[in-house]
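The stops below concern aromatic rings and the charges around them.

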Amino acid sequence: MVQISFQSQNQNQNQNSERPQITSLLSLSRMIQRWHKKKTQLPLIAIVFFLFVLCTIFYNEHRFQEIHRNENRKPNDIATRNDVKKTFSSLSRSSSKASAGTLDRFSICNSTVKYNGRSNLNTPLLQSDEQENTKDSCNVFSGRWVFDNISVPLYNESDCPYMSDQLACHKHGRPDLMYQNWRWQPHGCDLKRWNATEMWDKLRGKRLMFVGDSLNRGQWISMLCLLESVIPANKKSITPNAPLTIFRAEEYNATVEFQWAPLIVESNSDDPVNHRLDERIIRPDSVLRHASEWDHVDILVFNSYLWWRQGPVKLSWSNEENGVCEEAESLDAMELAMNEWAKWIESNVDPLKKKVFFVTMSPTHLWSREWEPETEGNCYNEKAPIEDERYRGSGSDLPTMRMVGNIVNKLKSKVSVINITQMSEYRKDGHPSIYRKFWESRSAEQLANPASYSDCIHWCLPGVPDVWNQLLFHFL
C-alpha cells in the first residue's frame, strides 16, 4: 500500500511538472502559426506594393508624354505642361544653384523683359586684319544642275541601312526618281568626284562630327550612306546615344558622328526627341554643354539657321539668379549665339590640328509664286530644278547671311565656309513634300490638299545633301 501510494504521488508530481511545459509548447505553437500566417502574407503585400509603384511610374510617364507631345497640342495640354514645368523648375532651383542653371525642356522664365543689348555685339571678336583670304581659282559654289542618270545617284536609297524615314522619299511613295539624277556642275571647273575609300583614308584615325539641327542630321545620314558600303558588316557599328550618335569604322579607327545642337548654344531644345516647345530659351553666353565634345574632334561641321526663323527668342543669362529672361528678335539672338560660338573657335581651334567648316543656310521652297508667278503652291509636285541662275527666294535670308559672314570672316583660317545656299535654291524639286513618314495624323481636309502639309524644308536622299558632302570631300 505504501508503495502504491508512493507511485501515485510521483505520477501526480510528474503530471504537475509537465503542465507548464505543455502550456508553453501550445503557446509557442500558436505563435508559430500566427507567424506563418503573417509570413505567407508578406510576399503578397510586397507584390501589391510593387505593382502600385510600377503603375504610378507608368501613369506619370504617360502623363509626361501626353503633356510634351510633339505636335498638335491642345490649349489645356499647354496649361497642364506649364504647371508641370513650374513644379520641376521650382524643385530644380531649390535643389542646387548648379542645377538651377541648367536649361531643359521644363525650364521657364519667371518673367520676361525686352532685350537690353548687354552683349558685346559691337566689340570686334578679333583684331581687324585687312588681309584677304586666299580664294580658290575656281568657285565650286557657282554653277548649275545637270541631269545625269549614269554617274548619280551615288547609292541606292534601299541599300543604305541608316536611311531616315523622314528622307526616304521613294520608300514613302514618291513616283518619280529624277530628283536623284541631278549632278552639280561648277562653272569653269569640275567638282572632285566622290570616292568613298579616299574619304576613309582622309578620316583614318579621326573623328568627324556634324553639329546642328535636323538639316545637319540629314547631311550626316547622307555621309553615312556615301561611306558605309565599303566597310564590311562586321567592321562597322552605330551607337545611338540621344544627343550624340556615333558611327564607327573599325578598320580605319574612325568615327562619323552627329550632335544635336539646333541653336549652337545651350537651349531648352537640346533634347533630340522632345524639343518642340512653345518658346525658345537659350543661354546666349554658354556653349559648354555642346563644346565638351568638340575638344577632341578632328573635323567639325556646323550649321545653324532654321530654328532661328521661328519668332522671338528668350535669353536666359548664366549669371541671372531670379529667372528673369530677355526677349530678343531672332536675328539678334542668333548673333549672340554665333559670337559665343566664334569665341570658342578662336580660343580652342588650331587650324593645323583641327578643321572646322560652317555650312550656310539651307533654303526652303514654301511659296511657288517666287519661281512661278501667280501660283499658290509650294514644293509639292515639283519635278525639276529652277534654271534661272539669278533666282533667289525668301528661303535665303540676306540679313542673316551677312551677319554670319561677318562673324565667320573674322575667324580667318580657323573656319572654312561651305556655301550650299545658292546651289540648293535651284532645287525646288528636292524636298520630301508629302513623301515621308509623318508622326502626326492628317485630317481628311489636309489629305485632300497635299500642299497644306508638304515638307519643303528637308531634302530627299539620295539628293541635294550628297552634293554638300562632295563639297566637304573636295575641301578636305
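This is a predicted model: local features need pLDDT of at least 70, side-chain atom pairs count only at pLDDT 80 or more; totals for chains, interfaces and linings use all residues.

A search of the whole structure finds 15 aromatic pairs, and one of them joins W260 and W307. Colour the chain by secondary structure to see where each partner sits: W260 belongs to strand β7, residues 254-260, while W307 is in the loop between β10 (299-302) and β11 (313-315). The two residues are 47 apart, and the pair links distant parts of the chain. W260 has 1% relative accessibility and therefore counts as buried.

Next, select W459 and W468. These two rings also form an edge-to-face pair, with 6.3 Å from centre to centre and 80° between the planes. W459 and W468 are both buried.

For a group of rings, select W294, F302, W341, W344 and F358. Ring pairs link these residues into a cluster.

The last stop is F438, shown with two arginines. R436 lies over the face of the F438 ring, 4.5 Å from the ring centre. R442 places its charged end over the ring of F438 as well, at 4.7 Å from the centre. Keep R436 and F438 displayed to check the 4.5 Å placement, then switch to R442 for the 4.7 Å one.

Conventions: Residues are numbered from 1 along each chain as its sequence is written. Side-chain values use heavy atoms; hydrogens and water are left out. Rings of Phe, Tyr and Trp (its six-membered ring) pair if their centres lie within 6.5 Å; planes under 30 degrees apart count as stacked, over 60 as edge-to-face and the rest as tilted. Helices (H or I, at least four residues) and strands (E, at least two) are DSSP runs, numbered from the N terminus. Buried means under 20% relative accessible area, exposed over 50%, partly exposed in between (1.4 Å probe, protein chains only). A charge sits over a ring if NZ of Lys or CZ of Arg is within 6 Å of the ring centre and within 35 degrees of the ring normal.
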